[in-house]
Amino acid sequence: MKADDERTPRFGLRSFRAKFVLVVGGAVLFDLLLSGGLALWNVQKLSRDATSEVGEGLTTANQEYIRSYAQSTASSVDLLLDRVHGDVKALAGVLQAQIDDPKRQQQVGATLAQQAPASVKVVYDAKGDWAQNLAGAPSVVSVWGYLLGADHTPLPSVQQEIEDSTVIDLVAPTLMASGSSKLQMYYIGPKERPIFRTVPYTDQAQTFDRLYPGHNKAEFWEFFFPGIYGSWQEWARDPASRPVPDDITQTAPYTDAITGKLIVSFFHPLWTRDRTGIAGTAGADITLDQLAEVVERVKIAETGFGFLTMSTGNVVAINPSGQAIIGLRSSSDTGAQGVTGLERSLHGSTQPAIASLPLDQNNDGVIQHIMLDGKGERVPYIVVLKRLKPTNLWSSGPIKSETMSVGIVVPEREIYASLFAAQDSISRATNRILLFQIAAIVVSLLIVFAAVLGISKRITRGLRALASAAQRLQSKDYSVRVSIPTRDEVGAVGTAFNRMAEQISFHTENLEQLVDERTRELGDANQEISELNEKLRDENVRLGAELAVAKHIQMMVLPKPFELEAIPGLEIAAYMRPADEVGGDYYDVLQNGSRVKIGIGDVTGHGLESGVLMLMVQSVARALQETNEGDPRRFLDRLNRAIYKNIERTNTGKHLSLAFLDFEDERVTLSGQHEEVLVVRADGEVERIDTIDLGLPVGLENDISPFIATHDIRFGSGDVIVLHTDGVTEAEDKDRKLFGFERLSQSAQKRHGASAEEIKTGIIEDLMAHIGIQKIHDDITLVIIRHT
């Protein structure tokens, strides 16, 4: 053993141990590197996917948040305006009710004039050339110079207007104290009597003289609101001419003559009793501070802000920091007087992205990404515009439709701060996982390398012993045995080697005897196989002969061409192709005098038993036809009884679907259950006749008479009846699509007008083209009957 061990290399490059270490270690190293690399790749991919998913989710959430914020801000502005509209409509409703009831209007006016004379008595001011009531009344009423008579008192119609309008002292204070905060509410008379009554009391006419020199000599409406009165008159003539279907008219922001604040006025025209003219207007003012407060409350992230703009781009409300960010020029920047209106347009912004911001409806609620210049760098911002409810707007000239918009502006780096933080966190976590994974791979490699060395040493110790014993066995020392104390696979190999050595020793001693015994056994088995092959050949010849005879008999009983040609008034063409040597389909044409009976059926399965049952059906049908049985129901019932008893005797368990057409005196009667019958009329129209309710499969029950019914078919000259078995409609192409009844109908229909033989040939050609090279799995039978 020592000499053999010395001949076996222990750990040279050619030794098994070296190869084992190289192969196993290399495989494990490759697996670790591959799995580790895949793990690292998966971690990075997971990180990228997570970053992408988180990014998309947070982006969508942030954008939805901005849209929702814009929507809620727009709703708040709409709510403020709706509340003012409601108060103005309430005041206008009271005044309009007075106008529509002149008697009550005079009574209320007279009563109030008596109870509160300070509300109707005006005092002339020589300096201003106007008249106005003294302080102490709930409202101030101003009467302009051109509405006074020579005695400097109001003209009678004007005085009546003053008294009629005193009802505002009862209503307006309550409306001022409730609802939305309003600067003032007022009534202005019609163009002929434009008195101005305002709640609360102020130095109204005096302020007008200071701010609007010459107003007292000019027609009130055209001086202060040119074009607005004419628009209302057009509304009176044609209510549909209102730009927005509402009577409220809103002004553009302008400087209030009394308070000096920027305000927005809301007018509700009052109509004459016949609704053909203007009887004045009810109105209310709110300061721009109220609108600005809603917009300036916008606070998104750290520096996000909102603004309110008109469709012209004129910004109505914005906080100072927002105005600086988007580069707006205020009215003082443009050199305007600031007494008639506010001029602060987006189109005049110093930021090109703001100046070109689209304000049309198509951008309502759309997230827009823009770049703004800020402190020498380009900063990305998000802008969302949300349109308010449309309103009737007067700024100068005719009233037009106006839709203001609320804008939300926020820096992307602020709104996406959580996104950037999440992405940074994912990146740091990914780097930690990568470091841990690399460390795990390195440790695994060291452990595996140590394990491979230890296992290889244990395995090769036993393998060296086996190699030495094998060399002795090769030298025909059959007494050699190995001793391997381990109980692993190497120990099992040692045990198997010892058994093999024993068997070699035994077989070497008994080899010739074993060879002779095996030779005799093989010779006997070969003789038995030869005898069985001979018997199988004889049996195949016998069965082939029997099948050939059965097929020949089956084809013999089919109608002959001369029989079909001898039937007057009908052209009949038939085709039958069994799937095996003997088919299970049945068709026959039986003539007895003027009566012609055409049958078609399909036995379950195919082969010899089905063919024999088909021959039984043919024989029984022929016999019944010869007995002059003319009733289709009795014919089918008697045939079923005979077939049922034969099936019961032969114990085949088969049955068949069977239908008959009886033709006599230009009349066709259908009976029995089979496939649908196709009728193609002479004009190409197609009819389908279902036979499911006309009978029951033959051979299932002894008595099927309760289930048998008949169906009369109109069969005129040129009409064609197509009978078939399911081998036609269920034939499959290479994609396992069925030929189907629709294809059969189309094939027959496109050949209407042709002879029965041409129709049959055309359908078979279409069918075979559909089947192609596929195997035919079922018998195919087709019968074409044409009325000449």
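Trainee: Where does Thr303 sit in this one?
Mentor: This is a predicted model, and in it Thr303 lies in the loop that links helix H9 (288-296) to strand S10 (305-309).

Trainee: Is Thr303 buried, exposed or partly exposed?
Mentor: Thr303 has a relative accessible area of 36%.

Trainee: Switching to the inside: how many residues does the largest nonpolar core have?
Mentor: That core has 87 residues, and those with the most contacts inside it are Val77, Val143, Phe220, Trp232, Leu291 and Leu308. Helix H2 (residues 16-100) supplies the largest share, 13 residues.

Trainee: What is Val77 in contact with, sequence neighbours within four places aside?
Mentor: Val77 meets Leu291, Val294, Val295, Leu308, Leu388 and Val406. There is also a second, separate core of 48 residues, which includes Leu615, Val617, Phe715 and Val783.

Trainee: Okay, helices now. At what angle do H17 and H18 cross?
Mentor: The axes of H17 (residues 608-626) and H18 (residues 632-650) cross at roughly 145° and come within 10 Å. The crossing is right-handed.

Trainee: Which residues meet there?
Mentor: From H17, they include Leu613, Met616 and Val617, and from H18, Phe635, Arg638 and Leu639 are among them. By class, the contact has 11 nonpolar, 3 polar and 1 charged residues.

Notes
Residues are numbered from 1 along each chain as its sequence is written. This is a predicted model: local features need pLDDT of at least 70, side-chain atom pairs count only at pLDDT 80 or more; totals for chains, interfaces and linings use all residues. Side-chain values use heavy atoms; hydrogens and water are left out. Axes are lines fitted to C-alpha atoms, for helices over the stretch in contact, and angles run from 0 to 180 degrees between N-to-C directions. Helices (H or I, at least four residues) and strands (E, at least two) are DSSP runs, numbered from the N terminus. A crossing is left-handed if the near helix is turned anticlockwise from the far one by less than a right angle, and right-handed if clockwise. Contact means heavy atoms within 4.5 Å. Ala, Val, Leu, Ile, Met, Phe, Trp, Tyr, Cys and Pro count as nonpolar, Asp, Glu, Lys and Arg as charged, and the others, Gly among them, as polar. A nonpolar core is a set of buried Ala, Val, Leu, Ile, Met, Phe, Trp, Tyr and Cys residues joined through side-chain atoms within 4.5 Å. Buried means under 20% relative accessible area, exposed over 50%, partly exposed in between (1.4 Å probe, protein chains only).
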